[in-house]
Amino acid sequence: MSVKSTAAGGSPAKSRGRTTTRGTAAKRRAGEPGLVQLLTPEGERVEHPDYAIDLTPEELRGLYRDMVLTRRFDAEAITLQRQGELGLWASLLGQEAAQIGSGRATRPDDYVFPTYREHGVAWTRDVDPLNLLGMFRGVNHGGWDPNENNFQLYTIVIGSQTLHATGYAMGVAKDGADAAVIAYFGDGASSQGDVAEAFTFAAVYNAPVVFFCQNNQWAISEPTEKQSRVPIYQRAAGYGFPGVRVDGNDVLAVLAVTRAALEHARSGQGPMLVEAFTYRMGAHTTTDDPTRYRSDEEREEWASKDPIARLRTYLEREGLADEAFYAEIDTESDALAKRVREGVRNMPNPGTMAIFENVYADGSALVDEERAQFAEYLSSFETGDVETAGTGH
Amino acid sequence: MTQTMAVAKALNESLRKALENDPKVLIMGEDVGKLGGVFRITDGLYKDFGEGRVIDTPLAESGIVGTAIGLALRGYRPVVEIQFDGFVFPAYDQIVTQLAKMHARALGKIKLPVVIRIPYGGGIGAVEHHSESPEALFAHVPGLKVVSPSNSSDAYWMLQQAIECDDPVIFFEPKRRYWDKGEVDVAALPGDLHRAVVAQQGTDVTLAAYGPMVKVCLEAAAAAANEGRSLEVVDLRSLSPIDFDTIEASVRRTGRLVVVHEAPVFYGAGAEIAARITERCFYHLEAPVLRVGGFHAPYPPARLEEEYLPGLDRVLDAVDRALAF
């Protein structure tokens with residue numbers, strides 16, 4: 001499988017005219033020759049000269065299952081936020097193929113640096129979905145062990161983690177390890193200086209890192225036109241490494257392209273940029289109101305490219321799954337939602353003194369002093385059980 | 001085992017020893033390789049340890065610190081050089097938002113043993129952005145440790161202790177003292193990295209200082225001695241945490257405290273020390289805690305820095321005021 005920069009033909013400026021509606025512009029971009037696609041929105045298998053994939057029916061069903069369960073988990077989290085169990089949620093609705101396809105392309109020894117919306121990638125790395133909910137409930141800022149599943153903590157300030165991923169990849173190369181690193185970021189983060197610096201460092205040190213940009217068209221209310229004058233994947237050329245745009249709603253294409261990109265990195269050929277062209281079907285987070293800045297027509301157009309529906313069409317047409325399979329996933333989805341719901345509701349608040357924990361690895365006299373003073377203050381209350389005082393004062 | 005060496009040489013020897021002792025130690029920064037750094041602190045290390053361990057980086061401070069974080073997550077112990085104090089701000093976000101907080105974010109499951117060396121302070125006749133003292137901006141951030149040696153021995157030992165520390169350490173090097181020579185006992189076991197020391201004993205007023213101003217305070221103590229006044233000089237060495245016990249013990253003896261630093265006085269280390277010492281030993285104070293330092297103005301052009309920097313006279317003026325109160 002060869003990897004090369006897949007440049008879009010024609011001038012990008014053409015589709016950016018003021019009179020063009022966003023829906024039409026999006027359609028034109030999705031249909032451009034540079035977009036790698038292996039499964040059309042209608043569920044037709046198509047071939048691409050550079051990216052082939054041959055999956056067993058079981059593997060195809062596995063991708064379907066991953067996407068459905070991830071979507072169900074996401075929906076449950078939104079519900080939990082609406083019920084007041086979570087303070088906030090960043091939905092991945094619409095981006096299941098981009099995340100499951102790329103996550104399933106990683107090997108156990110690879111290392112993942114997510115932003116804060118990679119719930120599907122976390123799923124592929126066997127991170128317990130409940131772990132992702134702690135920070136959105138407000139009981140911690142992440143807290144899982146990144147080295148357990150080679151899945152770093154969520155990073156909220158956009159773009160920062162691309163540098164961490166690059167440094168980590170520099171370390172992988174120093175160690176001579178047979179592994180690659182993948183850094184997730186979005187179209188909004190692509191404007192950050194840290195992302196530009198990450199591209200520079202990765203290129204200069206030939207670091208085994210894949211920059212995986214989920215271009216979901218919207219950075220809260222700002223369209224990609226506010227981030228870039230060229231398609232994002234084309235930026236890679238300026239740094240001297242390949243870039244490719246893949247249909248981010250096509251799980252087969254995302255899997256094939258990310259596998260190739262990770263292999264490119266693992267085999268010592270340096271970094272690669274993958275732009276997964278997708279769409280954020282929901283709000284930026286549960287506090288956002290997308291009706292203020294984008295049209296129903298645009299959302300409907302993207303709904304017709306749904307990643308799960310197209311794979312199901314394909315599975316059904318080819319007779320690769322029976323009714324029992326779909327029924328089983330429904331049962332599994334319900335069980336997952338129930339487990340998440342109960343897990344969140346039973347998630348304990350941290351004890352008050354957790355404020356002072358893990359500020360430093362080697363401790364600090366300053367923290368010790370303030371902890372002792374605060375404990376003394378708390379103990380001055382009648383019911384001053386310091387460790388359980390979380391809701392008492 | 002005592003050797004005489006300049007602060008710059010002590011730092012160089014310290015880095016060499018760290019590279020020898022631990023294969024995970026890396027040096028990163030702009031011009032730290034073949035050139036040996038603009039102040040030659042990494043001189044010869046590239047030649048002896050190779051480009052895999054002494055890494056010339058692109059000129060992008062956020063990138064340097066951000067990739068150092070990634071290397072630390074992979075198990076390395078990067079020692080980053082920021083070329084000058086005023087150049088650290090492009091990396092400030094990575095330091096404050098990521099480096100300082102990741103250990104807590106992971107509930108202690110990961111460690112960030114990154115040292116960021118910053119030559120700081122004025123007095124070398126430099127252009128803008130080459131003479132600043134931004135230490136309070138880092139000491140204010142939970143999760144960071146901030147230290148500054150004042151002499152060759154501390155330069156040698158404190159840097160190794162910072163590299164061995166599992167927390168991020170911002171290591172401020174007093175650049176105008178780089179060429180000052182001092183005794184270094186390379187066999188002596190060092191004390192606590194964050195312990196303050198009494199550099200000069202005295203009975204009338206305590207001067208608390210760190211980094212480049214320790215020398216000024218020692219000179220002030222010598223000058224005051226000629227006038228029959230006995231000044232105690234406390235070298236803080238660490239700015240986060242601060243060893244308040246040592247300062248307090250001194251103030252309980254002298255009853256007077258003057259804090260001296262190059263950094264602007266407003267929200268500076270002196271403000272924090274004044275507040276804490278006042279709380280700790282209010283009834284032992286014979287005068288308010290006084291501060292001598294920079295002004296709430298950008299660091300001036302080099303032709304004015306002699307007036308701007310707190311010198312002997314301004315320190316002694318504060319001593320007079322403390323004694324006259």
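Guide: Helices (H or I, at least four residues) and strands (E, at least two) are DSSP runs, numbered from the N terminus. The model is predicted: local features need pLDDT of at least 70 and side-chain atom pairs pLDDT 80 or more, while totals for chains, interfaces and linings use all residues. Residues are numbered from 1 along each chain as written, and chains are lettered from A and ligands numbered from 1 in the order written.

Visitor: Where is B:F325 found?

Guide: B:F325 sits in the segment after α12 (312-324) of chain B.

Visitor: Is B:F325 buried or exposed?

Guide: A residue is buried with 20 or more other C-beta atoms within 10 Å of its own, exposed with 12 or fewer, and partly exposed in between; C-beta atoms are placed from the backbone. B:F325 is exposed because 11 other C-beta atoms lie within 10 Å.

Visitor: Which residues is B:F325 in contact with, leaving aside its neighbours within four places in sequence?

Guide: Contact requires C-beta atoms, placed from the backbone, within 7 Å. For B:F325 the partners are B:E286, B:A287 and B:P288. The C-alpha atom of B:A126, 199 residues away along the chain, is separated from that of B:F325 by 38 Å.

Visitor: In what order do the five strands of the open sheet in chain A run?

Guide: Strands of a sheet pair through backbone hydrogen bonds, either parallel or antiparallel. Pairing here needs at least two DSSP bridges. In chain A the order is β1-β2-β3-β7-β6, with parallel pairing. From one strand to the next the twist averages 20°, with axes fitted to C-alpha atoms (for helices over the stretch in contact) and angles from 0 to 180 degrees between N-to-C directions.

Visitor: How many bridges join β6(A) and β7 of chain A?

Guide: Five, in the parallel sense, with β7(A) covering residues 272-277. A:V246 stands opposite A:A276 in β7(A).

Visitor: Which strands does helix α9 of chain A lie across?

Guide: Helix α9 (residues 251-269) lies across β2 (181-186), β3 (209-215), β6 and β7 of chain A, and runs at about 170° to β7(A).

Visitor: How many residues does each chain give to the contact between chain A and chain B?

Guide: Chain A gives 34 residues and chain B gives 35. On the side of chain A, the elements giving two or more residues are α6 (160-175), α7 (193-204) and α13 (365-379). The largest share, 11 residues, comes from α6(A).

Conventions: Contact = placed C-beta atoms within 7 Å.
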